[in-house]
Amino acid sequence: MKRIFGLAILTALMACNQADKKSTETNDSTKTDSASVKNEISIKDKQKSEIFNQYVDLKNALVKSDSASAQKSAAQLQTSLAAYKGCEPTAAVAGKIAASNILVSQRKDFTVLSADLIALLKNAEIEKGTIYVQHCPMANKGDGGDWLSTEKEIKNPYYGKEMLTCGRVAEEIKAK
């Protein structure tokens, strides 16, 4: 099972990333942002911007443990991903989340979706703001799980209120 899951993650990492192979530059700075400043994200590619915003809606629904909202957000994300060249396999993963009303299944598929979108957005031209790549070591029965966030504060989509703050910022994708 772990091998199949690992292959799924590897496949996902390759999917959207094939459409956009620019070099990546990330800044691993650990500067503390003021909590009162809203982190507005601006991505030059409007399709990537829409995909990111829909992904954040899905992540927030999972943080709230709201499977119905997660389904709706995933359905919108599926449509946007299907329209982005190279992201068709990722659209299928979003479709699995949209088709399920079982939170545990949605969260498991969210791991694969997140891995792929992290790869896609590392190649995005961020014009303003910071996208946080966050990691929970306990997600997926100890295999861990990553996700993207607009905030430095941890709000874990894999556990919701059960372990809302479990995780850490693993990387920051910043405007150049």
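Guide: Let's begin with helix 2, which lies across strand 3 and strand 4 and runs at about 120° to strand 4. Helix 5 packs on the sheet too, touching strand 3, strand 4 and strand 5, and its direction makes about 50° with that of strand 4. Keep in mind that this is a predicted model, where local features need pLDDT of at least 70, side-chain atom pairs count only at pLDDT 80 or more, and totals for chains, interfaces and linings use all residues. Residues are numbered from 1 along each chain as its sequence is written, and side-chain values use heavy atoms, with hydrogens and water left out.

Visitor: Why is helix 2 called roughly antiparallel to helix 5?

Guide: Helix 2 (residues 46–63) and helix 5 (residues 103–122) pack at about 150°, their axes 11 Å apart. Angles run from 0 to 180 degrees between N-to-C directions, and those over 145 count as roughly antiparallel. So helix 2 is roughly antiparallel to helix 5.

Visitor: What makes strand 4 and strand 5 edge strands?

Guide: Strands pair if DSSP finds at least two bridges between them. The open sheet has three strands in the order 4-3-5, with antiparallel pairing; strand 4 (145–149) and strand 5 (168–174) each pair on one side only, so they are the edges.

Visitor: How many bridges join strand 3 to strand 5?

Guide: Six bridges link strand 5 to strand 3 (residues 130–136), and I131 stands opposite I173 in strand 5.

Note on methods. Helix = DSSP H or I, 4+ residues; strand = E, 2+ residues; numbered from the N terminus. Parallel < 35°, antiparallel > 145°, perpendicular 65-115°, else oblique. Contact = heavy atoms within 4.5 Å.
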